[in-house]
Amino acid sequence: DASGVWDDAFERAHGWGVVCVGHSLGAGVACLLAMLLRGSGRAEFGKARAVVFEPPGGLMSKRLSDLTGKLGFVAAVCSHDWISRLSVRAVQELRERVLDELHNCD
């Protein structure tokens, strides 16, 4: 029973909250898990947060991304990590630039 595991963990944690942590794809999972836990209705998860490193871009809508910031979720991204900046729009722009360059080739 999964709820028994959580109950046992919170009994031992003495008031500590839940912080979901992850890197890259795991960062995306950690962020979504923290949001699901917050929405579960259990008081212990009411302040669940996420601290993530280089989450994948395009994982959430702008509105949802803004909400995670208001909830105290934190994301860190290295300056040259392209996965974190990846989005549908970025891929579409890259496609257009490549096609333009191919069109301009002799």
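How many helices and how many strands does the protein chain have?

**View 1. Secondary structure of the protein chain in the predicted model.** The protein chain has four helices and three strands, and from the N terminus on these elements follow one another in the order α-β-α-β-α-β-α. The radius of gyration is 19 Å, well over the 13 Å that the globule rule gives for 106 residues, so the protein chain is more spread out than a compact globule. Its C-alpha trace spans about 70 × 25 × 25 Å along the principal axes.

**View 2. Surface and contacts of the protein chain.** Of the 106 residues in the protein chain, 19% are buried, and the chain exposes about 8,000 Å², of which carbon and sulfur atoms supply 60%. When contacts between residues at least 6 apart in sequence are considered, 60% of them join residues at least 24 apart.

**View 3. The largest pocket and the residues at its centre.** The largest pocket holds about 360 Å³ of space, and among the 21 residues that line it, Pro 55, Met 60, Ser 65, Thr 68 and Ala 75 are the closest to its centre.

**View 4. Elements that line the largest pocket.** At least two residues of the lining are supplied by each of α2 (25-38), β2 (49-53), α3 (62-70) and β3 (74-76), with the largest share, five residues, coming from α3. By residue class, the lining of the largest pocket divides into 12 nonpolar, seven polar and two charged residues.

Note on methods: Residues are numbered from 1 along each chain as its sequence is written. This is a predicted model: local features need pLDDT of at least 70, side-chain atom pairs count only at pLDDT 80 or more; totals for chains, interfaces and linings use all residues. Side-chain values use heavy atoms; hydrogens and water are left out. On a 1 Å grid over the protein atoms alone, a cavity is a set of points where a 1.4 Å probe fits but cannot get out, and a pocket is an open set with protein on both sides within 12 Å along at least five of seven lines; lining residues have an atom within 4 Å of a point. Grid points are joined across faces, edges and corners, and a volume is the space filled by probe spheres set on the points. Ala, Val, Leu, Ile, Met, Phe, Trp, Tyr, Cys and Pro count as nonpolar, Asp, Glu, Lys and Arg as charged, and the others, Gly among them, as polar. The radius of gyration is taken over C-alpha atoms; the globule rule is 2.2 Å times the number of residues to the power 0.38. Buried means under 20% relative accessible area, exposed over 50%, partly exposed in between (1.4 Å probe, protein chains only). Contact means heavy atoms within 4.5 Å. Accessible areas come from the Shrake-Rupley method with a 1.4 Å probe; for residues, only the protein chains shown count as cover.
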